Amino acid sequence: MKWLIASDLHGSALYGRQLLEAFDREGAGRLLLLGDLLYHGPRNDLPGGYGPKEVIFMLNERKEQIFCVRGNCEAEVDQMVLGFPVMAEYCLLEAAGRLIFATHGHKYHLDAPPALGAGSVLLHGHTHVPAKTLTAAGWWYLNPGSVSIPKEDSPRGYMTLEEGVFCWKTLEGREYDRLELR
């Protein structure tokens, strides 16, 4: 099954629509959101097309396809309006025989990683910067960047995961990096 992985939507209905268009275009079966769905946070400017209520509606229409972890901007009130779980600190996935520890990145990150074995993957958002780093311990740190508030001149984008291959793409669907776990 193909996964589309995205993070840091921060309440942008404009980029939320583009993300869901990418989801459809990719033919993905699941959407993994790495947190910070509705609120822009006190450190960020309002993203283009800010409309958290519209984002709630758009995401709830796809609730059967969405898996999500809690970002540092999620609160219990967000869970009250979203029809899928958003309060888990992390989730575990498997691809190509590798463990993927998916989280937002504000608790578990490069400087405070979970216990991971060589070949495993720490997947998180939070920084708004795409990343692909093999650590000295032999596990990978991957980040899809941000859908609505990219930083460090990175593109608005997402990742796909299919048959052990991660692909980084712009919201328009242009691939700009990849990692094969096989």
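Residue I5 lies opposite M159, a residue of strand 9. The model is a predicted one, in which local features require pLDDT of at least 70 and side-chain atom pairs count only at pLDDT 80 or more, while totals for chains, interfaces and linings use all residues. Residues are numbered from 1 along each chain as its sequence is written, and side-chain values use heavy atoms, with hydrogens and water left out.

Strand 1 (residues 3–6) and strand 9 run antiparallel and are joined by three bridges. Helices (H or I, at least four residues) and strands (E, at least two) are DSSP runs numbered from the N terminus, and two strands are said to pair if DSSP finds at least two bridges between them. Strand 9 covers residues 157–162, and five of its six residues are buried. Here buried denotes under 20% relative accessible area, exposed over 50%, and partly exposed the range in between, with a 1.4 Å probe and protein chains only.

Strand 9 also pairs with strand 10 (residues 165–170), in the antiparallel sense and over six bridges. Within this pairing, T160 faces C167 of strand 10. The two strands form a hairpin with two residues between them, and E163 in the turn has a positive phi of about 50°.

Helix 1 packs against this region. The buried residues of helix 1 pack against strand 1, strand 2 (30–33), helix 2 (52–60), strand 9 and strand 10, where contact means heavy atoms within 4.5 Å. Those buried residues are A13, Y15, G16, L19, L20, A22, F23 and E26. Helix 1 comprises 14 residues (13–26) and should span 20 Å at 1.5 Å a residue, which agrees with the 20 Å between its end C-alpha atoms; the expected span is 1.5 Å times one less than the number of residues. Just after the helix, G27 takes a positive phi of about 70°.

What does R62 contact, leaving aside its neighbours within four places in sequence? The residues are L20, F23 and D24. R62 itself belongs to the loop between helix 2 and strand 3 (66–68), and it counts as buried because its relative accessible area is 19%.

The loop between strand 1 and helix 1 contains H10. Phi of H10 is near 50°, a positive value in a residue other than glycine. With a relative accessibility of 1%, H10 is therefore classed as buried. H126, in the loop between strand 6 and strand 7 (131–134), likewise has a positive phi in a residue other than glycine, near 75°. H126 has 21% relative accessibility and therefore counts as partly exposed.

Strand 4 and strand 5 run antiparallel and are joined by six bridges, with A102 in strand 5 as the bridge partner of C91. These two strands form a hairpin with two residues between them, and A96 in the turn has a positive phi of about 50°. Strand 5 and strand 6, by contrast, run parallel and are joined by four bridges; here I100 stands opposite V121 of strand 6.

The whole structure contains four aromatic pairs. Rings of Phe, Tyr and Trp (its six-membered ring) pair if their centres lie within 6.5 Å; planes under 30 degrees apart count as stacked, over 60 as edge-to-face and the rest as tilted. The ring centres of Y90 and Y108 are 6.2 Å apart and their planes are at 90°, so this pair is edge-to-face. The pair links distant parts of the chain, 18 residues apart: Y90 is in strand 4 (residues 90–95), and Y108 is in the loop between strand 5 (98–103) and strand 6 (121–124). Y90 is partly exposed at 39% relative accessibility, and Y108 is partly exposed at 28%. Y108 also forms an edge-to-face pair with F101, at 5.2 Å centre to centre and 75° between the planes. F101 is buried, at 7% relative accessibility. Together, Y90, F101 and Y108 make up one aromatic cluster.
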